[in-house]
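Student: Please take a close look at one part of this structure for me. I would like to see how a single residue sits within the whole.

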Amino acid sequence: MPEALTNTDLQGALPLIARGKVRDLYDVDEKTLLFVATDRISAYDVIMENGIPEKGVLLTLCTKTWFKILTDAIPSLRTHFLTLDLPPQIPESLRPVLQNRSMQVRKLKILPIEAIVRGYITGSAWNEYKKSGTVHGIKVAEGLQESQAFPDGPIYTPSTKAEQGEHDENIHPDQAAAIVGEPYASTIASLSIQLYKAAHEYALTRGVIIADTKFEFGLDPETNEVVLADEVLTPDSSRFWPKDSYAVGRGQQSFDKQFLRDWLTSEGLKGKPGVRMTDEIAQKTSAKYREAWERITGGSHQI
């Protein structure tokens, strides 16, 4: 297995704007950014000391594939994606490691909420429901079982977008509207549900259930339109379950970082900084990500 790329250094070719949990952002020109997906992985809002080899390539190619699927399903959709081609400023020596883990994207004014859509009750939503019968403060049907699909269809359950090292906070859609204002809040809510439904329908044909996912949006500074941004429908931002073993009333196997979260919890390391994954955990997490990718793309896209 190749070594994980946990940090990037463009040797001054482009100015670094920010390092996120996974991505390093560089300035290309006044309208364009370079998003470089590293192999860093975070769980419970903490970045692990070591990474998952080739994860950044997988996330980037996965996102590009989904952008195509979603724009085919929703022709009016606008995304920030421009190209996987590297900008000319990148030196030849760096191109092999950056290719397919980098995408040039439009600069947007990013809206400060995470647009989460849940089709099934699991995770923090299930924990809240057991206590109060609500999800993000929204009253939902009584008598639901763990992992059950919401009977009235997927629900929009936003969260705050925390600074690195802070924790996202689940909020009611009314609070999201207060943060981003109208008409953006309504557009984000309806578009998020549309995107989830299109992705869920597609994934089912590939034997995968998308239990929940999160989207991010920005505003086009010239047209003020809401634009889909960041990564979409990757194992980092979604819960993917195998359709063939799905059953209501229990937790599910998953093709995502739930495996890593479970290990951290069992070892008493949940939310603790400075954690290094064992080689076995890193390799098994990598295999989960790759299996999700291969199922969704039919194995036709090689990494």
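Tutor: The protein chain exposes about 13700 Å². Carbon and sulfur atoms supply 48% of that area. Keep in mind that this is a predicted model. Of the 303 residues in the protein chain, 51% are buried. The chain's radius of gyration is 19 Å, which agrees with the value near 19 Å for a compact globule of 303 residues. Its C-alpha atoms fill a box of roughly 60 × 50 × 35 Å along the principal axes. The secondary structure comes to 7 helices and 16 strands.

Now zoom in on Ile-179. This residue belongs to helix H4, residues 173–180. What does Ile-179 touch, leaving aside neighbours within four places in sequence? It is in contact with Pro-112, Ile-113 and Ile-171. Take Ile-113: 66 residues separate it from Ile-179 in sequence, yet their C-alpha atoms are 7.9 Å apart.

Next, turn to the interior. In soluble globular proteins, nonpolar side chains tend to be buried together. Here the largest nonpolar core has 68 residues. Trp-66, Leu-195 and Phe-215 are among those with the most contacts inside it. Helix H5, residues 184–204, gives the largest share of this core, 11 residues. A second, separate core has 10 residues, including Val-28 and Ile-90.

Methods: Residues are numbered from 1 along each chain as its sequence is written. This is a predicted model: local features need pLDDT of at least 70, side-chain atom pairs count only at pLDDT 80 or more; totals for chains, interfaces and linings use all residues. Side-chain values use heavy atoms; hydrogens and water are left out. Helices (H or I, at least four residues) and strands (E, at least two) are DSSP runs, numbered from the N terminus. Contact means heavy atoms within 4.5 Å. A nonpolar core is a set of buried Ala, Val, Leu, Ile, Met, Phe, Trp, Tyr and Cys residues joined through side-chain atoms within 4.5 Å. Buried means under 20% relative accessible area, exposed over 50%, partly exposed in between (1.4 Å probe, protein chains only). The radius of gyration is taken over C-alpha atoms; the globule rule is 2.2 Å times the number of residues to the power 0.38. Accessible areas come from the Shrake-Rupley method with a 1.4 Å probe; for residues, only the protein chains shown count as cover.
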